[in-house]
Amino acid sequence: MNEIICPNCKKAFKVDEAGFVDILKQIRDHQFEEELHNRLQLAEREKESAVKLAETTIKSALQEQLAQKDAALAKLKSEKEVELTQKLAQKEAEVAQVKAEKSNEITQIKAQLENAEVAKKLAITEAVQKIEKERDTLLNEVKNKELEKENIENALKQQFNTELQSKEAIIKYKDEEIARVKDMKAKLSTKMLGESLEQHCETEFNKLRATAFQNAYFEKDNDARSGSKGDFIYKETDEAGNEIISIMFEMKNEGDETATKKKNEDFFKELDKDRNEKKCEFAVLVSMLEAESEYYNTGIVDVSHKFPKMYVVRPQFFIPIITLLRNAAMNSLKYKAELALVRNQNIDITNFEEKINQFKEGFARNYDLASRKFQTAIDEIDKTIIHLQKTKEALLSSDNNLRLANQKAEDLTIKKLTHGNPTMKAKFDEL
């Protein structure tokens, strides 16, 4: 038991151990709460002092920062305005200079193009006039040559008619020859008749070869690669080696006792084929067929209405047909040479016209290239103007952004600074 004296009434009373502990606990709890309350008050006063100090410090720092930013923005705005003004003035001067230079270049190019167009038209006009004059001259020459050709043809016809005037003597000779041939055919086979006609013609030609046909070729046709061949080929050239005339000969004979009678027309197609394949100008059938035909017995028969440049003759006209065709070819040789000369001149005119056309095409191509370069230069000027316009717009946009930045700086407040920051917001709310 413990004895405890009351501080008010001074009386003593006794308590057990458990009660004593409980009393001590009460005393200690009361002291602790009182001390805790004192300490909390002290901490609250310190907190208020710290908040006031922090608030003062923050206000001072923010005011100083705002003042610095205002000064920097004002300075930057002033500098940018001066720089923008200078750049705009410089760009406008450059654009004006570029426009002036390009305008001068465009004027010069236009003048050059106009001069080139005038020169081209003048050159073409002169060339066309020259060509037309040469064309008229050549046409006159061709007309003269045609008149000469007609004169030559008329002379040949007159000569041919003169030679035909001896028809009675020729007919008499023909009748005698027919009688002789008939007598000979009665003694020979068909093959021998054909061979004898070929030998007769070859012999007749060889009699005159050394005197009348010194530059002539007259030989058997031995080329049967195409499946057929003629009997003889006659070709003659001049001193320069130019061909005067070429004839494909076919000899046909037939005995009276032959069972199947052939006609001259049966051999025309094959003879024309041989002529073309051997590149001969004329084809002549020396024939004893259809001995009673008055048509073929006239001597020299022109069958060119059926096949071009083809004749049928009796054996006695073998040499005359060569002579007639040869003389006609000799007389027309000069005309052929002149025609070849005119043809070459026409080729020269064609080449000249082709050169003129090439010049026109080249000039047109160069004109087109110059025009495209001119258009390219104009496009580049337009691009430069567009680029400068974009630069101007960018500078104006920069000024607009500076203006917006200044407005944002002027609109800066404590409330906006603490938005989204709960710690600072709590501090200012307590203030």
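The protein chain of this predicted model holds 7 helices and 8 strands, where helices (H or I, at least four residues) and strands (E, at least two) are DSSP runs numbered from the N terminus. Residues are numbered from 1 along each chain as its sequence is written. In this predicted model local features need pLDDT of at least 70 and side-chain atom pairs count only at pLDDT 80 or more, while totals for chains, interfaces and linings use all residues; side-chain values use heavy atoms, with hydrogens and water left out.

Of the 431 residues in the protein chain, 24% are buried, that is, under 20% relative accessible area with a 1.4 Å probe, protein chains only. Among contacts (heavy atoms within 4.5 Å) with a separation of 6 or more, 61% join residues 24 or more positions apart.

Helix H4 buries Phe 268, Leu 271, Asp 272, Asp 274 and Arg 275. Seen down the axis of H4, these residues fall within an arc of 160°, so they line one face of the helix; the arc is that of the directions from the helix axis to the C-beta atoms. Their cover includes the strands S5, S6 and S8. Just after H4, Lys 279 takes a positive phi of about 55°.

| Element | Residues |
|---|---|
| Strand S5 | 243–252 |
| Strand S6 | 282–287 |
| Strand S8 | 310–313 |

Asp 231 lies in the loop between strands S3 and S4. Asp 231 is buried yet has no salt bridge (a side-chain nitrogen of Lys or Arg within 4 Å of a carboxyl oxygen of Asp or Glu). The nearest side chain of opposite charge, Lys 220, is 4.5 Å away, with Lys and Arg counted as positive, Asp and Glu as negative, and His and the chain ends not counted. Beyond its neighbours within four places in sequence, the contacts of Asp 231 include Glu 198, Glu 219 and Phe 249.

Terms used: Buried means under 20% relative accessible area, exposed over 50%, partly exposed in between (1.4 Å probe, protein chains only).
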